[in-house]
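User: I've got this model open and want to talk through a few local details. Can you take my questions one at a time?

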Amino acid sequence: LFVVVLLVNAGLVFFQYYGFSESGGEKAPVDFSYAQEIEVTYANATLEVRHTFTDLPSGELTLVWPKAATAIACEEGACNRLAGDSATFTAGDTNQQVLTYKVPIAGGLKSQTLMQNVFVQLQAGTADTSTVHISTKNGQKGQWITGLPLSSTNTLDGLTYTVFSGKGNVYDLYWQAGDIALKTATEDYSIYSAYNVTDKFVEEVSKMEIEFNQHVAIIQAKKQNVHENSRFIFMPELNLAQVKTQIVAAQLATKYKVPADSPAWLSQLLIAEVADITLTDPRAQQIRQELTKRLTTKQNELLHEKIVALKGETVTLEQLDTMLTSIIGEKTSFFTANATSKTLYPLLFEDERGIYIDEVRIDELKAIKYNDLTYYLATPLLETLGYKGAEGENGFYVTGNGHSYRFPVSEMFYVFNERRYDVKTRPFDKIGGQYYIEEAWLVRLFKVDVRKKDRVIE
């Protein structure tokens, strides 16, 4: 006797060069502003930094240092609020403080070097204006980029001086050797490339609706992994479709947050809900096609509306599954399953009821509804019935109780004790990388009795 009992359960970088280390103590004032000027000299594989903060509030302020920072000091006569442990500016009326520190760069400047979180920050503070001066002593040919608008670049006596100035905090530096240069700039973005950029391309980009919280640098270079506050957008090719996708992705980062361990396709799917872009990630394309095919027009519209309404919030795979479950009215783990499945995990519905065989619950067993048919996970079910099931060269093989079966993956027949039987529907299907047996075939082939009632299937 095969009994399924319904149990209703309650409830449901390229390389990041540096990271921040945070200090304890009193919290800094919330949403305060200040101005800063950062003077950087690159020499001997080290960034030597003189960092001036002005217009500081009088309360205690928490400093967030680069993990690699060394030689932290107050400039004599220009800094009287730095605590002994360098973790805070103590309360005081002096609104200007000058710090000096060094940040070593392992291996020195290479062809494309992304240096993230290399400047000290004031926790909870925002720079109204930031000015960054960079001087390179060895005269290396290339371009510094900060994400701020480029103000000027000059070379004198073998030294290169580069100045950036604009609104907002500055976290990172990027260096690219060779002929890379600023090609065009607007109030919202700058485009850097080592290749020719046509007037037509610049004109088309200027027509895009680009609204960032801060000025960004679009850099034609190999893809880099950046943190959520980054001002950099890297792209190997400067074509309009890629630029549009990347820009919308950067804009999306200011509207949605996704956990760091989320699959890449999640961001693309969210982008596609709020902007007219072409999905380029293969899994994102498959997921969108599956949803379009399996959901009704009304359900797809409702899903779109719910995702758009999440702007400003953190969006997780589990949250999307809950949302999709509420829309369809049946439980699904479509999004979370696709995060780990090597192939597309189809949209199917899960039966949360406990499954019992001879009054014993089998936790490994699960039932699903797929293409309006009910399926049971094959391997644990077969083992309970006294059979062994395994994938082989020509399909799924089942042996036990003196019988042997072979079920091809695609052909419409099966073999029982060396005899072939043609079928109109497949007894076994491989769904999401696992083999399932369809309920009617379970009854027919293995003489299992399945009886269904309102709250119990037995």
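User: Which residue of β18 stands opposite Ser190?

Analyst: This is a predicted model, so take what follows as read from the prediction. Strand β17 (residues 189-193) pairs with strand β18 (residues 216-220) in the parallel sense, over four bridges. Across from Ser190, the β18 residue is Ala217.

User: And which strands stand at the edges of the open sheet of four strands?

Analyst: The order in that sheet is β16-β17-β18-β19, and the pairing is mixed. Two of these strands have a single partner strand each, so one side of each has no neighbour in the sheet. Those edge strands are β16 (181-185) and β19 (232-235).

User: Over to α4. Why do its buried residues line one face of the helix?

Analyst: The buried set in α4 is Arg283, Ala284, Ile287, Arg288, Glu290 and Leu291. Look down the axis of α4 and these buried residues line one face, because they fall within an arc of 160 degrees. In general, an α-helix has 3.6 residues a turn, so residues three or four places apart point the same way. For α4, then, the arc to remember is 160 degrees.

User: Which exposed residues does the face of α4 turned away from its buried side carry?

Analyst: The buried side has cover that includes α3 (264-274), α5 (297-308), α6 (317-328) and α7 (334-340). Turn to the face pointing away from that buried side and you find the exposed residues Pro282, Gln289 and Lys293.

User: At the start of α4, which residue has a side-chain oxygen reaching the backbone nitrogen of Arg283?

Analyst: Helix α4 covers residues 282-294. The oxygen comes to within 2.9 Å of the Arg283 backbone nitrogen, and it belongs to Asp281.

User: Is Glu318 buried or exposed?

Analyst: Glu318 sits in helix α6, and its C-alpha is 6.3 Å from that of Thr336, 18 residues apart along the chain. The cut-off for exposed is over 50% relative accessible area. Glu318 has 51% relative accessibility, so it counts as exposed.

User: Last one: which residue caps the N-terminal end of α9?

Analyst: In α9 (residues 439-446), the buried residues are Glu439, Trp441, Leu442, Leu445 and Phe446. They are on the same side of α9 because their arc around the axis is only 160 degrees. At the N-terminal end, a side-chain oxygen lies 3.1 Å from the backbone nitrogen of Ala440, and the capping residue is Glu438.

Terms used
Residues are numbered from 1 along each chain as its sequence is written. This is a predicted model: local features need pLDDT of at least 70, side-chain atom pairs count only at pLDDT 80 or more; totals for chains, interfaces and linings use all residues. Side-chain values use heavy atoms; hydrogens and water are left out. Buried means under 20% relative accessible area, exposed over 50%, partly exposed in between (1.4 Å probe, protein chains only). Helices (H or I, at least four residues) and strands (E, at least two) are DSSP runs, numbered from the N terminus. The arc is that of the directions from the helix axis to the C-beta atoms. A polar contact is a pair of N or O atoms within 3.5 Å; within protein, one must be able to donate a hydrogen and the other to accept it, and residues adjacent in sequence count only if both atoms are side-chain atoms. The expected span of a helix is 1.5 Å times one less than its number of residues. Contact means heavy atoms within 4.5 Å. Two strands pair if DSSP finds at least two bridges between them.
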